[in-house]
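Dear colleague,

Please find the structure below, handed over for your study. The notes that follow set out what was found in it.

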Amino acid sequence: MARTKDFDPDAVLQAALELFWRRGYEATSMADLVEGLGIARASIYATFGSKHELYLRALERYAEQTDPVLLAELSQPGPVLPAVRALVRRYAGESAEDPLKRGCFVVNTVVELVPHDPAAARRAGASLGHLETVLTAALVRAEAQGELPAGREPRALARMLMVLMQGMRVMGRTADGAARVRDAAEQALVLLD
């Protein structure tokens, strides 16, 4: 008879996400995972596969938690630009006030793993592509509603905002990044006026 798991795989995956997000992939050892997740090494391998597979599943979980929030924020009926401005300011605020200096799990993955990890590159790219698509769709709607000034290209503007927001996540991790992040966000928002 197969033995039943004495842990909740969903809760363990969430704990792994938090651990990888705080420490990064390379700095998180299997011993750290065993201690942080409270389960045996054999259970990690049996349930999730390798450390790398667990990391990729944690990255997917992060996207599952964050991507729908962005879509919901930017697809509300009515004027679009207030929601876009609020999103950029939220990113700035979270980046400037991140007490753990974790940044964005996707951006951390890009910086740490993408240069040499095709699987991580695909998953991170999918999440960043989702952000670009959602921003572009919102700005196309804003253009159709007459909210965008003439001459603004929604896709290019979405890409600029996406790069800015992800860059804010990186700069927010620095000791003096808070003022830089807030100033950059406000200057970028001028392009929407």
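E18 and R102 form a salt bridge, in which the closest N and O atoms are 2.8 Å apart. This pair links distant parts of the chain, since E18 is in helix 1 and R102 is in the loop between helix 5 and helix 6, 84 residues apart. Please keep in mind that the model is a predicted one. E18 is partly exposed, with a relative accessible area of 27%. R102, by contrast, has a relative accessibility of 17% and counts as buried, because the cut-off for buried is under 20%.

The structure holds 14 salt bridges, and two further pairs deserve a description here.

One of them is formed by R61 and D10, with 2.2 Å between the closest N and O atoms. R61 lies in helix 4 and D10 in helix 1, so this pair ties together parts that are 51 residues apart in sequence. R61 is buried, at a relative accessible area of 11%, whereas D10 is partly exposed, at 43%.

The other joins the side chains of E186 and R89, at 2.9 Å from N to O. Here E186 belongs to helix 9 (residues 177-189) and R89 to helix 5, so parts that are 97 residues apart in sequence are tied together. E186 counts as partly exposed at 35% relative accessibility, and R89 is partly exposed as well, with a relative accessible area of 41%. Salt bridges that share partners also join E73, R90, E94 and R169 into one network.

Where does R90 lie? R90 has its place in helix 5, which covers residues 81-96. Its relative accessible area is 27%, so R90 is classed as partly exposed. Apart from neighbours within four places in sequence, R90 is in contact with L70 and E73. E73 is also a member of the salt-bridge network that includes R90.

Helix 7 (residues 118-144) contains L131. Is L131 buried or exposed? At 3% relative accessibility, L131 counts as buried. When neighbours within four places in sequence are left aside, L131 is in contact with L70, Y91, M162, M165 and Q166. L70 is 61 residues away from L131 along the chain, and the C-alpha atoms of the two are separated by 7.4 Å. L70 is also a contact of R90.

E132 is found in helix 7 too. With a relative accessibility of 16%, E132 counts as buried. Not counting residues up to four places away in sequence, E132 touches R155, A158, R159 and M162. M162 is also among the contacts of L131.

**Helix 6 and its cover**

Which residues of helix 6 are buried? In this helix, residues 105-112, the buried ones are F105, V106, V107, N108 and T109. What covers them includes helix 1 (9-23), helix 4 (51-74), helix 7 and helix 8.

**A nonpolar surface patch**

V110, V111 and V170 make a nonpolar surface patch of about 220 Å². V170 is located in helix 8, which covers residues 154-171. With a relative accessible area of 38%, V170 is partly exposed.

**The largest pocket**

Rolling a probe the size of a water molecule over the atoms shows where empty space is left. In this model, the largest pocket has a volume of about 330 Å³. Its lining consists of 20 residues, and those nearest the centre are Y62, T66, Y91, E94 and R169. Of these, E94 and R169 also belong to the salt-bridge network described above, and Y91 is one of the contacts of L131.

Which helix gives the most to the lining of this pocket? Helix 4 does, with five residues. Helix 4, helix 5, helix 7 and helix 8 each supply at least two residues of the lining.

With kind regards

Definitions and conventions: Residues are numbered from 1 along each chain as its sequence is written. This is a predicted model: local features need pLDDT of at least 70, side-chain atom pairs count only at pLDDT 80 or more; totals for chains, interfaces and linings use all residues. Side-chain values use heavy atoms; hydrogens and water are left out. Helices (H or I, at least four residues) and strands (E, at least two) are DSSP runs, numbered from the N terminus. Buried means under 20% relative accessible area, exposed over 50%, partly exposed in between (1.4 Å probe, protein chains only). Contact means heavy atoms within 4.5 Å. Patches are made of residues with over 30% relative accessible area and no salt bridge: like charges are joined within 9 Å, nonpolar side chains (Val, Leu, Ile, Met, Phe, Trp, Tyr) within 5 Å. Accessible areas come from the Shrake-Rupley method with a 1.4 Å probe; for residues, only the protein chains shown count as cover. A salt bridge is a side-chain nitrogen of Lys or Arg within 4 Å of a carboxyl oxygen of Asp or Glu. On a 1 Å grid over the protein atoms alone, a cavity is a set of points where a 1.4 Å probe fits but cannot get out, and a pocket is an open set with protein on both sides within 12 Å along at least five of seven lines; lining residues have an atom within 4 Å of a point. Grid points are joined across faces, edges and corners, and a volume is the space filled by probe spheres set on the points.
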